[in-house]
Amino acid sequence: MKNYQTIILSNLEISPGYWRMRILAPGFAAAAAPGQFVMLRPELALPTMLRRPFGIFRTGCLPPECAGLPPREYMEILYKIVGQGTRIMSDLHAGDRVELLGPLGRGFTINDTSCAKILVGGGIGLVPLFLLAEALIDKGHQVRLLMGGRTRDDVLAVTEFERLGVETYVSTDDGSLGEEGLVTKVLERKLSKYPCAEVYACGPMPMLAAVERICSERNVPLQVSLESHMACGVGACLGCVVKGAGHSDQRPNYLCTCKEGPVFAAGQLDWGRAVNTEGGCPEGGCR
Amino acid sequence: MNAKRPSLAVNVAGIELRNPVMPASGTFGYGEEYSAFVDLKKLGAIVTKGLSLNPKAGNPMPRIAETTSGMLNAIGLQNVGVDTFVEKKCPYYRVLDTPVFANFFGNTLEEYGEVARRLADVPEVTALELNISCPNVKQGGIVFGTDPKAAAEVVSLVRKHNDKPLIVKLSPNVTDITVIARAVEEAGADAISCINTLTGMAIDIRTRKPKIANRTGGLSGPAIRPVAVRMVHQVVQAVKIPVIGIGGIMTASDALEFLIVGARAVQVGTANFIDPAAMLAIIDGIEAFLVEEGLEDINQVIGSLSL
Ligand SMILES: Cc1cc2nc3c(=O)[nH]c(=O)nc-3n(C[C@H](O)[C@H](O)[C@H](O)COP(=O)(O)OP(=O)(O)OC[C@H]3O[C@@H](n4cnc5c(N)ncnc54)[C@H](O)[C@@H]3O)c2cc1C
Ligand SMILES: Cc1cc2nc3c(=O)[nH]c(=O)nc-3n(C[C@H](O)[C@H](O)[C@H](O)COP(=O)(O)O)c2cc1C
Ligand code: FES
């Protein structure tokens, strides 16, 4: 991991509310593993202050600007505008300065079994699956992507997966693209087809919870990539924890999303309460 | 012609620091977490995450929320516990040659005393930083650091169990911080650090829920700096022991404000999250300031406030 003070190469709206930012990052590709993330911040970010976490979508290389210069290695993020920080990001242009910390965290574990590799993405949760698909295909695996979105606008970059040679299945809640219905319906159908499968998923928490239920009922190994509010991204602030398996008030088991994750084996997590963010502490606790 | 580099060395509670810049507890882990970005040998000191007698799991999520020029946190003092700290984390400090300040807390008077006792013979720990911004669970949750008598009691007890230099970290959530400052000085503190976070609250207007699960959290970052500078100024006037200034320091000029009002050193917290190398830039910036001003020694700046 490294702290890059670098520039944006391009920043484009790829679908209503979704943007793709390409950032100059020499040496990044070689260090990045599928499922890792970065902490990003525009250099002049007022009124936001903290870096924001984003999955690593792709890495690549552009020819040098002039002969004799090294090629320009870059990394890309895809982001959805949800608040002030991402709105400010969408106002940035090529040449604007950003600070990029990464690659961070623990990514996907690739098991070299002959089981079918099924990737499940919900909306912007598709981001960490691209490098994973690339790595799996490199190793000679056949990869299937089940991509779900609310509407067609929420289904991103599927053709890029197809160009890699990934078999893709799209579903939308409103039927505006691909099959109508939830991505989990497609997953159930696929799983009944393969005697042996492994699932890798990233998306909103309710989707992940449904995927987890489907996989655990069928004893299918599952890895999920989680989101959590982060301040440091390196395991120092302990702001980003999620409940681990067997967590209880008496015997708490918190896992650090930025350091022990963001990718977890489903068995590491407490699914009963992973979506519960209800407070349980007395007013004015210790700090 | 190489001009002589100005001296940044300061002395806090008998400890020689190579410069006055160190991390604030809880924002730098145990130090190792940031070693990829910061040469720990360049810091004035390392300040650990707050330690307690038993490991502490911390609060439910979400634990952090950004607010304008600041952030709220209610981590709940999650830490590995003092024994694991000594066994697992301390060996790392041996090669560093940077003083280590062990920040710690308790939920009862006895717990404070016991943690202090367990740190007494740990050679890697140079000094103690006593966090008194904690509720006393045996006394209806009154925060030790908001009551001069309770604060003095903790300090005397810790003093009894541990001979290392003792820095007491004050809470800003009081009407008059000088009263607490004097109380801990009289009880035997060797230095004071301030401020800890200011209690705050933020609401998600769509869900109508507090943005952090604990309801309230500690506000840190640049938003609190003017409050912190004011409080450090007041404390410096009120006591004779050295004061370490904390609160919203992002740049060298922010740090210099604290030094000018009389802080002997400074701690950098939230800024580490924004720029992991922030402390190094602050150290370089302080040196550059001395060169610009034609000063040879940082001690010429400390307490140079002109009123
Ligand atoms: C490991 C990881 C990978 C991620 N990858 C992507 C990605 O590839 N593309 C993408 O669009 N988004 C991704 N997110 C979510 C993204 O970080 C948030 O949408 C973003 O931080 C929101 O910032 P904001 O200022 O626009 O929103 P605000 O709501 O104004 O943010 C306020 C605060 O909440 C935090 N926050 C809000 N929502 C989230 C969230 N869902 N997750 C984490 N922190 C949040 C922000 O960091 C900030 O501190 C990822 C999150 C994590 C943890
Ligand atoms: C995430 C976080 C965790 C903290 N944990 C501790 C702690 O364990 N003990 C302590 O004394 N102070 C703790 N603090 C308070 C800081 O040490 C510091 O006093 C405060 O953040 C103000 O400085 P800043 O504005 O530079 O961050 C914590 C602050 C933050 C933001
Ligand atoms: S974001 Fe700070 S510990 Fe994970």
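Me: What share of the 307 residues of chain B counts as buried, and what makes a residue buried?
Reply: This is a predicted model, in which local features need pLDDT of at least 70, side-chain atom pairs count only at pLDDT 80 or more, and totals for chains, interfaces and linings use all residues. Residues are numbered from 1 along each chain, chains are lettered from A in the order in which they are written, and side-chain values use heavy atoms, without hydrogens and water. Buried means under 20% relative accessible area (1.4 Å probe, protein chains only); in chain B, 61% of the 307 residues count as buried.

Me: Why is chain B called as compact as a globular protein of its length?
Reply: The globule rule is 2.2 Å times the number of residues to the power 0.38, and the radius of gyration is taken over C-alpha atoms. For 307 residues the rule gives 19 Å; the radius of chain B is 18 Å, close to that value, so chain B is as compact as a globular protein of that length. Its C-alpha atoms fill a box of roughly 65 × 50 × 40 Å along the principal axes.

Me: What part of the contacts in chain B with a separation of 6 or more joins residues 24 or more positions apart?
Reply: Contact means heavy atoms within 4.5 Å; such residues account for 71% of those contacts in chain B.

Me: How do you know that strands β8 and β9 of chain A pair, and in which sense?
Reply: Two strands pair if DSSP finds at least two bridges between them; strands are DSSP E runs of at least two residues, numbered from the N terminus. Strands β8 (residues 116-122) and β9 (residues 143-149) of chain A have 6 bridges, in the parallel sense. A:I118 stands opposite A:R144 in β9(A).

Technical notes. Buried means under 20% relative accessible area, exposed over 50%, partly exposed in between (1.4 Å probe, protein chains only). Helices (H or I, at least four residues) and strands (E, at least two) are DSSP runs, numbered from the N terminus.
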